[in-house]
Amino acid sequence: MALNQVGLERLNTATTKKIGTTKNLIINGAMQVAQRGTSSTSTGYHTVDRFRHTGSGTDEAPTFAQVDVASGTTPYTSGFRKAFRITNGNQTGGAGAGDAIVLGYKLEAQDLANSGWNYVSSSSYITLSFWVKSSVAQNFYGRLTTTDGTSQNYPFETGSLTADTWTKITKTIPGNSNLQFDNNADKGIDIEWMMFRGTNFTDSGVTLNAWAAYASGTRTPDNTTTWYTTDDATFEITGVQLEVGSVATDFEHRSFGQELALCQRYFFNITGNNGSRSGIAAYANSTSSLRAMVQFPVPMRALPTFSGTATAMVFDSSDDSASFNISGFANGGAPTTSNPSRMCLDIGTSSMTAGQGGQLEFRADNGELNFSSEI
């Protein structure tokens, strides 16, 4: 029996929901992927992929970690299993004017330019939603800041949170004639959640929920200090979603494999222990130098920088006497700097037999190569 028009519409809607385009502009919003590790006291990108830690002026460094969502909680019953937790240290000096503990996320400008959001119109919207929990009952501020053209700032608040209770926050954000997003892979918007920023960066006269020209000293209203001055206070977040439209729809859960591939546009690493082959093909073009080719799992945002533990490696060939440290690699370039799929490494060493082919092999435990093209 043929489907009637209503039936066809329902079938098309179901198919779109199943295989349609990605609506969530945030990658790893469910905090599933943590390629670099699950805990760190360092600032920058060190734990949950795509989310950046910022801390300054602290007496004791906060801890940033991927943690489990407790069963029985509302985020858990909605399908969330991981969260990002910031644990405050002991800030014995109090809340200084230059102090800060912040969590951030950067989006490419082209993802906003091509999102379908008419961002220069005040009647067109994007919606930011997330789950948040604090061990301290207080209000927290966040902001969206654009980069292209004249930088614009949009501050928002969570409202007063009940201690140790998950709360879903939804912010509907209008466009503005001053917004600009270039169609490129550079930063378009920086989203920040502030556990605390000192008065060097804030002002009591800042208007919430409105776009205004960005200035370093007027990012948000003055921050409450309670969380910052409470030893070992915690702040957790998960389910971060940014979507086009004026309504927060159900979170778009993606498989771990899908999220990992999306994250690898910005970062991936190769790890191994003593005797592990890296999978990086290499060629001895002389007795003192190697040329190696690294194939990326997915094309990266830009030609990456790389770093690694300074552990020993060897050139695994019929003559594997040549050893070197990971930190001794040099960038040999890539076929293209736009969405590169591979890059070359130049490696200085000695005692090799020229003309041999092989691959790089770790000669110490916990060796790693990190390739980063974060914004």
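How many bridges join strand β8 to β11? Two bridges do, and these strands run antiparallel.

## About the model

This is a predicted model, in which local features need pLDDT of at least 70, side-chain atom pairs count only at pLDDT 80 or more, and totals for chains, interfaces and linings use all residues. Residues are numbered from 1 along each chain as its sequence is written, and side-chain values use heavy atoms, leaving out hydrogens and water.

## The open sheet

Let's stay with β8, which spans residues 152-157. Its residue N153 has A212 of β11 as a bridge partner. Two strands pair if DSSP finds at least two bridges between them; helices (H or I, at least four residues) and strands (E, at least two) are DSSP runs, numbered from the N terminus. Strands of a sheet pair through backbone hydrogen bonds, either parallel or antiparallel.

Here, six strands form an open sheet in the order β2-β5-β10-β7-β8-β11, with antiparallel pairing. At its edges stand β2 (51-56) and β11, each with a single partner strand, so one side of each has no neighbour in the sheet.

## A buried serine

Strand β6 (residues 125-134) contains S129. With 2% relative accessibility, S129 counts as buried (under 20% relative accessible area, with exposed over 50% and partly exposed in between, using a 1.4 Å probe and protein chains only). Leaving aside residues up to four places away in sequence, S129 touches K168, I169, T170, G239, V240, Q241 and A248; contact means heavy atoms within 4.5 Å.

## Aromatic pairs

If you like aromatic rings, there are 17 pairs to look at. Rings of Phe, Tyr and Trp (its six-membered ring) pair if their centres lie within 6.5 Å; planes under 30 degrees apart count as stacked, over 60 as edge-to-face and the rest as tilted. Y119 and F181 make an edge-to-face pair, because their ring centres are 4.8 Å apart and their planes stand at 85 degrees. This pair links distant parts of the chain, 62 residues apart: Y119 is in the loop between α3 (109-113) and β6, and F181 in the loop between β9 (167-174) and β10 (187-197). Y119 is buried at 17% relative accessible area, and F181 is buried at 4%.

F196 and Y228 are stacked, because their centres lie 4.6 Å apart with planes at 25 degrees. F196 lies in strand β10 and Y228 in the loop between β11 (212-213) and β12 (234-244), so the pair ties together parts 32 residues apart in sequence. Both F196 and Y228 are buried. Elsewhere, ring pairs link F268, F296, F306, F324, F329 and F371 into a cluster.
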